[in-house]
Amino acid sequence: MIEESIKEAVAGCLDKNVPFCLYLLPGEDSTPVFFSNPSGKKCLDVGREFLVGCWNERWNDVHSIKEEKGLEETLNLLSYIESQPSPEISPVGENDDYEEYLSKIRLLLHEMKEKNIEKVVFSTNVSCSHDFCSSAWPEIAEKVFSAYTTAFRYLYYTPLTGAWLGASPEMLMDYEPIAGVLKTVALAGTRSNLQFELNEPWDAKDMREQKIVENFILKKLKENGLEVDKIDNLTVRSGDLQHIETRISAKCKFSDKKDIGLLVDELQPTPALSGYPRNEAIKLIEKFEGRPRNCYGGFVGLSSNEGIKLFVNIRCLHFDNKKYCLYGGGGILPESDPDEEHTEAMSKINTLSKFLK
């Protein structure tokens, strides 16, 4: 799927800390798109750019990889360019062990009940040292890209975020200016493909968790004057997992991308990655998780003259030349069982960890 010349360019960019991106849109099985941005310059108004928004970050702070150089130009550049400075952040090195995770969830549940908070999305991580060389990462990416064809698949590096690999099943926004249509989804609830058929009913906890996300998104769109249509409660597959999805669309026209950015700021992080009420949930996330999410829970995607496509940065890992950190989480409700939540988080982490063995 990934041509050898692209693998060479990716490895070279990782070796020399040159900003780049490699991606495939959901449903595509062709050669992934690659471009690099050696100068680091960005412009959110013209051309094609790969966008990265960190956890709870505003649109004005988005990181951008502009389509500055294609494959051949990048390979030529890598033949003589000196290595650039190392990234400003490194992957998280600490792990929650099983008992520590359970203890945090119990304390979180107690505080949620005290403060009448409906949902908090609690994440955990698995960090590990590695001896992979730079050329191993495009090989790993190829396996991930082939395994999750319905996801937005990506591998990118910027000096402010470091290097990330992921396969997101969750659309945040797809805006087509010519058609004047905005699409998004409310995605929540998780169960195993191995235990359930697609047409089996969901339990009450998962349904309620998903409804919180759906109601929040609909409310924000309506507050911005948009008339929305929706298709309720589809069960969708993402690798070995199933989720509940509501597909939402609206007719709209934005005067420029700054207006789109204002709506993105209204929507994200949705309760699918934060909780509800959102601000109170984020405070509890900061209190109990005890580590930076960095890009996890933010968004990734594309900006071009054809519109904007953004996806939530989940099922992802952060890596450098010494260690990697995988993220996974789940929606905690007052009735949540800590053991079941741990199982769910580990199942999401396994989306990528199985390709690192």
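This is a predicted model: local features need pLDDT of at least 70, side-chain atom pairs count only at pLDDT 80 or more; totals for chains, interfaces and linings use all residues.
Let's start at one pair of strands. Strand S10 pairs with strand S11, residues 241-251, in the antiparallel sense, over nine bridges.

A quick reminder. Strands of a sheet pair through backbone hydrogen bonds, either parallel or antiparallel.

Now zoom out to the sheet. Which strands form it, and in what order? Eight strands make an open sheet, and the order is S4-S3-S13-S14-S8-S9-S11-S10. The pairing is antiparallel. S4, residues 63-66, and S10, residues 228-238, are the edge strands. Each has a single partner strand, so one side of each has no neighbour in the sheet. From one strand to the next, the twist averages 15°.

On to another sheet. This open sheet also has eight strands, in the order S2-S1-S6-S7-S15-S16-S5-S12. Here, too, the pairing is antiparallel. Which strands stand at the edges? They are S2 and S12, the latter being residues 275-276. Each has a single partner strand, so one side of each is left without a neighbour in the sheet. S12 is joined to S5, residues 119-129, by two bridges, and the two run antiparallel. Look for Lys 119, whose bridge partner in S12 is Tyr 276. Helix H3 packs on this sheet, touching S5 and S16. The direction of H3 makes about 165° with that of S5.

Five bridges pair S1 with S6, residues 152-158, in the antiparallel sense. Leu 22 stands opposite Leu 155 in S6. Four bridges join S1 to S2, residues 33-36, again antiparallel. Tyr 23 stands opposite Val 33 in S2.

Is S1 mostly covered or mostly open? Mostly covered: five of its five residues, 20-24, are buried. Phe 20, Leu 22 and Leu 24 point one way. Cys 21 and Tyr 23 point the other way. All of them are buried.

In soluble globular proteins, nonpolar side chains tend to be buried together. In this model, the largest nonpolar core has 67 residues. Which residues touch the most other members? Phe 50, Leu 108 and Tyr 156 do. Helix H3, residues 98-115, gives this core its largest share, six residues. Take Leu 108 and leave aside its neighbours within four places in sequence. Leu 108 is then in contact with Val 120, Phe 122, Leu 284, Phe 288 and Ile 332. There is a second, separate core of 36 residues, including Ile 6, Val 10, Leu 165 and Leu 356.

Last, the whole protein. How many helices and strands are there? Eight helices and 16 strands. The radius of gyration is 20 Å, close to the 21 Å that the globule rule gives for 357 residues, so the protein is as compact as a globular protein of that length. The C-alpha atoms fill a box of roughly 60 × 50 × 35 Å along the principal axes. Of the 357 residues, 57% count as buried. Residues 24 or more positions apart account for 72% of them. The accessible surface comes to about 15400 Å², and 49% of it belongs to carbon and sulfur atoms.

Definitions and conventions
Residues are numbered from 1 along each chain as its sequence is written. Side-chain values use heavy atoms; hydrogens and water are left out. Two strands pair if DSSP finds at least two bridges between them. Axes are lines fitted to C-alpha atoms, for helices over the stretch in contact, and angles run from 0 to 180 degrees between N-to-C directions. The radius of gyration is taken over C-alpha atoms; the globule rule is 2.2 Å times the number of residues to the power 0.38. Buried means under 20% relative accessible area, exposed over 50%, partly exposed in between (1.4 Å probe, protein chains only). Contact means heavy atoms within 4.5 Å. Accessible areas come from the Shrake-Rupley method with a 1.4 Å probe; for residues, only the protein chains shown count as cover. A nonpolar core is a set of buried Ala, Val, Leu, Ile, Met, Phe, Trp, Tyr and Cys residues joined through side-chain atoms within 4.5 Å.
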